[in-house]
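The following note sets out several points on the model shown below.

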Amino acid sequence: MNLIHHDDFGPEGLEPSVAELLKVPPVTLKIDGIEISVPRTILATDPNTGRKFPRPTTIYDAAIEAKVAVPVLCHRDHMTPAAVCRMCTVEVGGRVLAAACHRAVEQGLDVKTHHTSAKVKKAVGILAELLLADTRAPRGAHLEGGNELHAVAKGLGIDPAQPPRFPLTVRDRGRDESSLVIAVDHAACILCDRCVRGCNEVRNNQVLGRAGKGHMARIAFDLDNPMGDSSCVSCGECMVSCPTGALSNRAVVEAKPWAAAKTSPVSPDDLLSHPLFDGISKAFLAWNINSVVRRTFEPGEIVCREGEYGSSAFIIEEGELEIFLQVELKHVAKAKGSFRNSLMGLVRTVVPGLSRRETPSEAPDARRNTIPIDAPVSLDMAKPTATLTPADLLFGEMTCMSSYPRSATVRAKTRVRLLEIQRNVLYTIQRSKKAKSMLDEVYRRRSIDSHLRGVSMFADAIPDPAKFRSFVEELRDKVRLVRLNPGDTVFRQGDPADNYYLVRVGFVKVSTRKAGGELAIAYIGPGGHFGEIALLSRMEELGSSVPPGIRTATVAALDHVDLVAISPEDFRHIMDCYPAIKEGVLREARRRVEQNARMNRGATDATLGEFLKQGLMDAQSLLVLDLAKCTRCDECVKACADAHQGVTRLVREGLRFENYLVASSCRSCLDPHCMVGCPVGSIRRRSSREIVIEDWCIGCGKCAENCPYGNINMHPFPTGKKAPDPDNPSRQLPVMQQKATMCDLCASLDGTPSCVYACPHDAAHRVSGGQLMALAEKRLAASP
Amino acid sequence: MIVQELQKIQERCGWLPPEELVGLSTRLAVPLHRLHEVASYYPLYRLKPPPKVDIKVCRDMACHMAGASRLRAECEAVAAEYPAGEVAVSGVSCLGRCDGAVAASVNDHHYLTRQTAEALRAVIASAHAGNAPHAHHHKAKPLGFKIDVYEGRPEYRALAKWLSNPDAAALLKELEASGLRGMGGAGFPTFRKWGAVRGAPGATKYVVCNADESEPGTFKDRELMISAPWLVVEGIILAGLVVGAGRGWIYIRHEYPEAIDAVRAEIARARSAGILGSNILGKGASFELDVFVSPGGYVQGEESALLEAMEDRRGEPRNKPPFPVFQGLFGKPTVINNVETLSWVPGIIIHGGAWYRDMGTRGATGMRLVSISGDVAKPGVYEVPFGQTMRELLETAGGMAGGKAFKAVALSGPSGGFYPARVPVGELPPPFVAKRVPAGQPYFEILDLQLDFGTCGEMAAMLGAACVVYDETRDMVDQARNAVEFYRNESCGKCVPCRVGGQKLVEMAGELAEGRSPPGRLELIRDLGETMGITSICGLGQVASNPVTSLLRYFPADVGAVRGGRPT
C-alpha cells in the first residue's frame, strides 16, 4: 500500500508545509513502457475546510509527465479527483481497470493506457458511446465552449455525428433558463461533477450539488431551486468547468476592461493555438473574451512604465522588447517605501531590489549587482536594461497577480505583438499544469543565471564569469520550482531543516513564536533567500546560538509566491566546493541570528502586533477618525451617501488602533485581497493606486467575501431591462442586478474624499498605514 | 448528523418540508445543496407530502416470480377507486422477505408477506380509514442452529473467556485455524481483515457491522438478528477489543424494523449488564455500540457506500484503494463485517477454530447460513455445511415446489447471474472441467456443484447467501430483464458505466423480451457487460450485467423463443 496518512505529516490540524512534501522520496513507474519518476504526493485543498493537505500523486499526473495522453472528462488538474467518468481507465494488472486520475502511483507499477491495451481501448470506446447515446448536444448557440465529449470520442475513433450503437433514449431532463447569466440544459449533462466541484471547491460558493439517484441523478441548485432563484452568485465557474456546454453563457453582462484602448478581442480559437493556452476551457475564454487583447507596438513605443499600477500581464507573441529602468535609482514604490521606512526600526525589511536601493546601508547582504524585476530576466545594476523575446513567454505576472506597481519600463525594440491578459485569465493559465511547466522551463533555461547572479553571496564569491557559469549549470536542473498561494506555509519554526530557498516572485513573511503571539521579523521578496540558518547550524562556525538542524522561524507566503528550492545535499555540495560562498552564507546567517535575537528582546510588539494583525501595514489610504476629536455626528457617512447615489460606502464602525477608529471604507491595500477571484476582472486598479469596481460587475459578491475588513457591500441596481412579473405575467418588473460598491476615494468626483471634506471637527483623515503608525507612536511617546 | 436529523424531521412531519430543511441548514451550518443531495438520494426520505395510504410492492426475484407485477397492477386499479392522490401504489426493491413472496410495505413502517390482491384491497381500505395495518412482522424463535452456541440464551461466555486472558494474537490464530471467511458474499478471510486493522497505524479505529442485507433473495441476517442478536453484539465487541477500536455501529436496513428493535433491545440489555460500556464485565476494557438505521438503498451494502452514508453524504461507493481497513469511517482504520461472520466468532472462541473448520464437508471448511427462495417447497433460512452440493441444498429446502422440474438457479442473488441445469463445458474454465466433469460428458450438472468458495472459485462463479431456484415454466428472459431493472433502479449514479450502462441494459433487455433487437445487439450487450465489469467503481456496476450476459450464454433457447428465431 502506498497510502499517505495524515499522521505522516506531523500533528493533526496542521497543514503540511511545502518542505514536508518535498521530503518524501519519488516513485518510479512505467506508462506504456515509458519509465518515469514522480514525487509521491502533491498539495491539494480540502473542499470542506479549505485546508491544504497532501494528496497522492496519481497515474494521470505521472502520465502528463511522461507525455502520454490519457482521455479525461471528469478530471481537471485543479480539482479533487472524482473518477466518475472512467474515461481515463488504465490497466495496472488486477481483475478490474483503474481510473488513472484517482489511482495513486506505486513503485514499479506497469501501466497500460488505451494506446497499448486493446482491452482498455474497447472499454473507453464503449463508455464514450454510452455518453453519446445518453445526451444530446446543447440547444441553441452555446457551442462556443466546444464539446469535450465529442473531442474525446473523436480521439477514440468514434464519430459523434453518427447515430450511436446503443438505443438513443435521451429523456427530456429539462432546461433551466431562470438565471440571467447562465442557461442549464440537463439533457447535455454527463454528470462529470466538474461544475459541482467548481462551485464548492474552487469558489467555495456552496450552491451546486447532485440530486436524485442512479440514472435519474442530475445537478441541482440549493434545494433543487431554479438557478435564478437560488443562492447562486453567477460567478460563472460552473459554466467554465462544464465539458459539454450543458451550462452555457447567456451573455447579458460583458466585461470590457479595455473600453478606452483601441484594441479588439482575440477569439478563443486563436488563443488556443498558443501553447500557453493549451488545455484551457474554451468556454472560459469565450466568457472572458474581453479579458485578452492583442496589441501591436511600433519600435520605440512604450508598453508599460515603471511605477504604474495595472492588472494585466503580457504574453510576447512576436518581436523584441527592451526592458529597463527609466530613471536610474528612482524609487518606484513610494507608498510602500514610506511604510517600510517608518517601521524600519521594528521590522527589518529584506526587500531587495527597487525599494532596497533607497536604503542601501541597512543590510550588508543587500549589496547587489542585479535588480530583480517582474519578468524572466533581472537587470544589471550598472546598466539596467535587458531584452525580452517570445522565448521569455510572459512578463508582468507580479503586477497582475499581486497588484504591485510595474517594476520596470518596457519599450518595443522591433515591431512587437503582445497579448495583454487580465488577472482572471492569468490565474487560469497558472492553474494549468502544461503552462506551469512551460513557465518553469523558461525559468530554468533563461532566468536562473540572472537570478543567481542577483544573489550577491553567489555572485561576489565567484567573480570569474566562466566559473560562475559552471556553477549555474550545476544547479540548473537540480533546483525544484515551487508555487505557493497566499497563506501557504513553507516551513514552521521547530521543523527539521531541509531545503534552502530563493524567492523568485512574491513576498514571504518570516516570523517567530513569542509569548502572546507571532512576531514578524522580516519580509523577503524577489531575489531574497532564506533557510540557511538551520542548514548551517550543525557547522561549528555558527556557534551554539541556534538549535542544530531545526528551523528557527516560520516562513509563509504573503501573496502569490514562486520559490526555488535547493536540496540540503546540493546546498552542502555548494558549501564544500565554494569556500567563498560558504563564508558569505555563514556571515549572513550569523548576522540574521543576532538580529533575530535582538528583535526578540526589543520589539514593542504589543502595538506592532496589533498593527500587523489588523493588516494596517498593507493600507495605503485609511479613513481614520481621531476619537479625541470626533463627536459622532455622522456627517462623514451622510456626505458619502450624497456622493454615491444615496448608498453609503462608509460605515462609522471598525477596528480601533490606539486612539484612532479605522472606519470601514476601502483602504486601497497594497495587496488587495478583493481582486483575487473576480471572475470578470471588474474590480481592479486602473492606473493609480485606487481600487475601483467597474460597472461590468456581475454581482457575484466574491470581492465582498474576500475583503478581510468588510469594506465592500452588495447593492441592487436597476439594469434598465424589464422582465415579466412571475406572479402577474402581464406586468413588467425592472430587472435588478446586484453590484458591489466600495469606497473609490471619490475618484469619480473631484478626488477629495467627501467624508474628509465634510467633517466639521477635523477628526477625519485619510492616511497611509505608515502615517497612522507614526501618529500612534508620537501619541504614545507623548503620553506618560 | 444530517442522516439522523432528516429522519427526525420526517418522523415529525411525515416528509421533509423545504422550510424545515432551511432551518436545519442554519442549525447545522451546512449548505442547502448538501442537505438536498442527501435528502434526494435515499429512498427513505420524502420530498413531497405522503399520500394517506402508500403501498409499495416488492418487485424483485422471488416476489417477481410470485406475480408481483400483476399484483401491483391490480392494486393500482384498487387505488383508482379512491380520491386522486390519497392511495399510492408503487414498486420497491427487495424487502428481504423473499420467503414470504409477494412482500409489500404499508406507509413505510408496516411489512406484509404472502400478499394477494384481495388481501391488499382490505389493507388499503383499513389504512384509508386510519387504522394501522396488522403487519406480518417476524418474531424471535429458536433457531436450532450450531451458530447459536448459547441455544437461545444471551450468555456472552466467549467474551468472558477471552477477557480472562485477552490475547489478541491467539484469537487471530484461532480465527485463522477456523477458516472463517466473510459471509456477506466476498469471502475475505476474517483473521486477515482484523489483523490488518489491528496493525494499521493510528489510535482511533472503528468496527462496523454490515446488516444492510439487501441482495435480492437474502434474508438470513434478518433471522439471526431477530432470534439471536446477542451473537452479533458479542462478535462486534470482540472485534473491537481485538483490533483496538473503542466504538462500533451496526448498520441495519430500515426495512428490518423487527431486527432494529431486537438489536437495540439487546444493546440496552448488554449495557445495563456491564457487557458494553467503560468497564466490560469488570475487566476495565471499554467499547460502545449503537444501531445506525440505513436511509435505504441496495448499494449501501457496499462497504464504502455504507461508510459514506454514516458520514452524512450520498451513499456512493468510494474509489478504492484506499480500502476501509486502512481508511474507513472518518478516514480511520475500520473493520466491516457481515452479521453472520461476527456471529460465528463466539462459537469459535468457546469451542476452538477446529470446531468451525471441521463442520464443512467434502474437504470444505465451515458452516454457513443460506437463504433459499423461488420455486422450492420450503423457502427459508438453513444452516448448511460448506461443500454441500446444490442437489443436497435443494433437498434441504423440500425439493422443487409442485413437483416441477429444475431449470435454473441463481447462486448469489442476481449478482452471479443464472446457471442452467446443464452448463455446457465449453463455457467453463478447462481446469474445472478436467477436475469436476466426467470425461466425455458435454455438460456439467449444476446440481452436482459443491457449494464452497474453493469449488465455486474454480468455476468462476460467485457464491452468495441467496439461492434462488427456477422451475421449468420460467422464462429466463423475463427473469434477466427483472434483474437488470433491479440494478438500474439501485445504481447510485456516480460512475458512467453503471449509471448509463445500467439503463441501456434495461432498454436492450426490453428489446430482447419484446423480440425487437436490431442486428448486432447481442454482441453489443456482451461488450457492454465486459466494460461495466472492468470499469465500474464498485461491485454493483461490475456485476449488473451478469443476469443478461448469463442469459445469452446459457439460455439460447429462451432468447430464441422470444425473438421468434430471428438472427442476431
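Which residue of S11(A) does Leu208(A) stand opposite? The residue is Phe221(A).

1. Basis of the note. This is a predicted model, in which local features need pLDDT of at least 70 and side-chain atom pairs count only at pLDDT 80 or more, whereas totals for chains, interfaces and linings use all residues. Residues are numbered from 1 along each chain as its sequence is written, with chains lettered from A and ligands numbered from 1 in the order in which they are written.

2. S10(A) and S11(A) pair in the antiparallel sense over four bridges (strands pair if DSSP finds at least two bridges between them; strands are DSSP E runs of at least two residues and helices are H or I runs of at least four, numbered from the N terminus). Six residues lie between the two strands, and in this hairpin Gly212(A) takes a positive phi near 75 degrees. From S10(A), Leu208(A) and Arg210(A) point one way and Gly209(A) and Ala211(A) the other way, and all are buried (20 or more other C-beta atoms within 10 Å of the residue's own, with C-beta atoms placed from the backbone). In general, side chains in a regular strand alternate between the two faces of the sheet.

3. An enclosed helix of chain B. Eight of the eight residues of H3(B), residues 32–39, are buried, so this helix is largely enclosed by the rest of the structure. Among them are His33(B), Arg34(B) and Glu37(B). The cover over the buried residues of H3(B) includes S10 (208–211) and S11 (218–221) of chain A, together with H1 (2–13) and H2 (18–28) of chain B.

4. The contact between the chains. Chain B contributes 42 residues and chain A 42 residues (residues are in contact if their C-beta atoms, placed from the backbone, lie within 7 Å). On the side of chain B that touches chain A, the elements giving two or more residues are H2, H3, H19 (476–490), H20 (496–513) and H21 (521–535). H20(B) provides the largest share, ten residues.

5. A three-stranded sheet. In chain A, three strands form an open sheet of mixed pairing in the order S2-S1-S7. S2 (34–38) and S7 (110–111) stand at the edges with a single partner strand each, so one side of each is left without a neighbour in the sheet. S1(A), residues 27–31, and S2(A) pair in the antiparallel sense over five bridges, and Lys30(A) stands opposite Glu35(A) in S2(A).

6. Confidence. Chain A averages a pLDDT of 77, and 76% of the residues score at least 70 (pLDDT is the predictor's confidence in each residue, from 0 to 100). Over residues 328–368 of chain A, pLDDT stays under 50.

Key. A residue is buried if 20 or more other C-beta atoms lie within 10 Å of its own, exposed if 12 or fewer, and partly exposed in between; C-beta atoms are placed from the backbone. Two residues are in contact if their C-beta atoms, placed from the backbone, lie within 7 Å.
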